Amino acid sequence: AYIPAAGAATCESLSSVSIPNTTITQTELVAAGAFPAPPGRGGGEGGRPRFDDLPAFCRVAATARPTSDSEIKIEVWMPAVDWNGKLRGTGNGGLGGGAGVGVGALAAGVRGGYATVGTNTGHDGDASYALNHPEKIIDFGYRSAHEMTVTAKALITAFYTIGPRLSYMAECGGGSIAALGEAQRYPADYDAIAAGGFGADLTHHTAGQMWIWQATHKDAASYIPPEKYPALHQAALDKCDAADGVKDGVISDPAHCNFDPVVIQCKGPDGPNCLTAPQVEAARKIYAGPKNPRTGKQVFSPLYPGSELGWAQLAGPRPLGIATDFFKYFAFKDPNWDYNTRPINFDSDIDLANKPENLAVDAIDPDLRKFIARGGKLLLFNGWNDTSIPPGVAVDYYKNVLAKTGATRVASNMR
């Protein structure tokens, strides 16, 4: 554990640290247990993060402006005692920015002894900035994560007189965009990265979410009520659970489960234990995943058999807000776009989503040679029954890295 050296800076004196394109806006030494929980985030009840158990830490807020249209808000929290010598970078979920800098993640890091840094990804509020601010799209996609890391390392070195001996990121979903972008674009920033729920193919990820909603809302008859999910799930288990020789309520190889939901199509009146013909067709589309109707090319990973109990999030009455906001502000540049009257076209609209200015929000470059060459470690993890971000996209990325980098080099650096 770190013990402050004689030449270590005080927390308040960090306001004078010079960092390119960055202004220190606040420094304060927060006493143990004294950080005020943001409204509604309280003391840990109901899964909310708690803050009253934090050790004393130095809190520094800064704003980075690497371009004239950038305003990246950053916070660095550094344990006042018992620093473990490591940096932990954090990311934001979804399209970022909505809740500003994520203090819950900062608290978790400091609680574990890490000097921890977070950012608002370059914007506060919703994603409407994407209509007219291409530099802010870049800030959200990858630049904010790099700027926060540069800032954190400078402040850590000033506060402790030494820099971090190891730097980590461990992120899921939207945070995986920042984490994987660091490995791909700034391979010297972090030594080890764990990315779960591979949300880093955002332009296609959001299309995949819209595909599920449109499959179950082609018309009123296509909607699958959640009370039917257990029967559909059980039918998938009946088909593939025992394929591994153990009947345990788990499909161990969903990618090779050849399940057709027609097996529970209603043979008589509609009811909770069967699917109507339109509902069978909707389920088939979900298992097939989004495809280009003209070329037949797979656009994104499907959901897999065994995931049925989690379909409500994407197949409910309304699409997920991440997906609709992405198409509204990034793809169509139309704040009045209505998913009810203007469905997604999985050919031409995918081209709109993939406009060059939007590709900054994807972190799918398989060239990790520089990250691996310096000893970087990357762990990808996902659940086979994940519905928000199905696991096929992580599997595909891993295969692409193998093809680009070589299996021998990847073996000791990526799992």
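The model is predicted. Its largest nonpolar core has 99 residues, and a second, separate core has eleven. Two packed helices are described by the angle between their axes and the distance between the axes.

**Helices H2 and H3**

- On the H2 side, the contact is made by Phe-140, Gly-141, Tyr-142, Ala-145, His-146 and Thr-149.
- On the H3 side, the contact is made by Ile-177, Ala-178, Glu-182 and Arg-185.
- Sorted by class, this contact of H2 with H3 has five nonpolar, three polar and two charged residues.

- Helix H4 (residues 202-215) has 14 residues, which should span 20 Å at 1.5 Å a residue; the end C-alpha atoms of H4 are 20 Å apart, so the two values agree.
- H4 is mostly covered, with 14 of its 14 residues buried.
- The axes of H4 and H6 cross at roughly 170° and come within 9 Å.
- H4 and H6 are therefore roughly antiparallel to each other, because an angle over 145 degrees counts as roughly antiparallel.
- Trp-211, Ile-212 and Ala-215 of H4 meet Ala-282, Lys-285 and Ile-286 of H6.
- By class, the contact of H4 with H6 has five nonpolar residues, no polar ones and one charged residue.

**Helix H5**

- Helix H5 (residues 229-240) has twelve residues and reaches 17 Å from its first C-alpha to its last, close to the expected 16 Å.
- The buried residues of H5 are Tyr-229, Ala-231, Leu-232, His-233, Ala-235, Ala-236, Leu-237 and Cys-240.
- These buried residues pack against helix H6 (277-288) and helix H7 (312-315).

**Nonpolar cores**

- Within the core of 99 residues, those with the most contacts are Met-78, Leu-180, Trp-311, Phe-327 and Phe-330.
- H2 gives the most to this core, with ten residues.
- Not counting residues up to four places away in sequence, Trp-311 touches Ile-224, Tyr-229, Leu-232, Ala-283, Ile-286, Tyr-287, Leu-303, Gly-316 and Thr-387.
- The second, separate core includes Leu-54, Val-101, Leu-106 and Val-110 among its eleven residues.

**Gly-85**

- Gly-85 sits in the loop between strand S3 (72-79) and strand S4 (86-89).
- Gly-85 counts as buried because its relative accessible area is 10%, and buried means under 20%.
- Leaving out residues up to four places away in sequence, Gly-85 touches Pro-164, Arg-165 and Leu-166.
- Gly-85 and Leu-166 are 81 residues apart in sequence, and their C-alpha atoms are 7.3 Å apart in space.

**Residues with positive phi**

- Most residues other than glycine have a negative phi.
- Asn-21 is not a glycine, yet it has a positive phi of about 60°.
- Asn-21 lies in the segment before strand S1 (22-30).
- With a relative accessible area of 49%, Asn-21 is partly exposed.
- Lys-333 also has a positive phi, near 55°.
- Lys-333 is in the loop between helix H8 (321-331) and helix H9 (348-353).
- Lys-333 counts as partly exposed because its relative accessibility is 24%, and that class runs between under 20% for buried and over 50% for exposed.

Definitions and conventions:
Residues are numbered from 1 along each chain as its sequence is written. This is a predicted model: local features need pLDDT of at least 70, side-chain atom pairs count only at pLDDT 80 or more; totals for chains, interfaces and linings use all residues. Side-chain values use heavy atoms; hydrogens and water are left out. Contact means heavy atoms within 4.5 Å. Helices (H or I, at least four residues) and strands (E, at least two) are DSSP runs, numbered from the N terminus. Ala, Val, Leu, Ile, Met, Phe, Trp, Tyr, Cys and Pro count as nonpolar, Asp, Glu, Lys and Arg as charged, and the others, Gly among them, as polar. Buried means under 20% relative accessible area, exposed over 50%, partly exposed in between (1.4 Å probe, protein chains only). A nonpolar core is a set of buried Ala, Val, Leu, Ile, Met, Phe, Trp, Tyr and Cys residues joined through side-chain atoms within 4.5 Å. The expected span of a helix is 1.5 Å times one less than its number of residues. Axes are lines fitted to C-alpha atoms, for helices over the stretch in contact, and angles run from 0 to 180 degrees between N-to-C directions. Angles under 35 degrees count as roughly parallel, over 145 as roughly antiparallel, 65 to 115 as roughly perpendicular and the rest as oblique.
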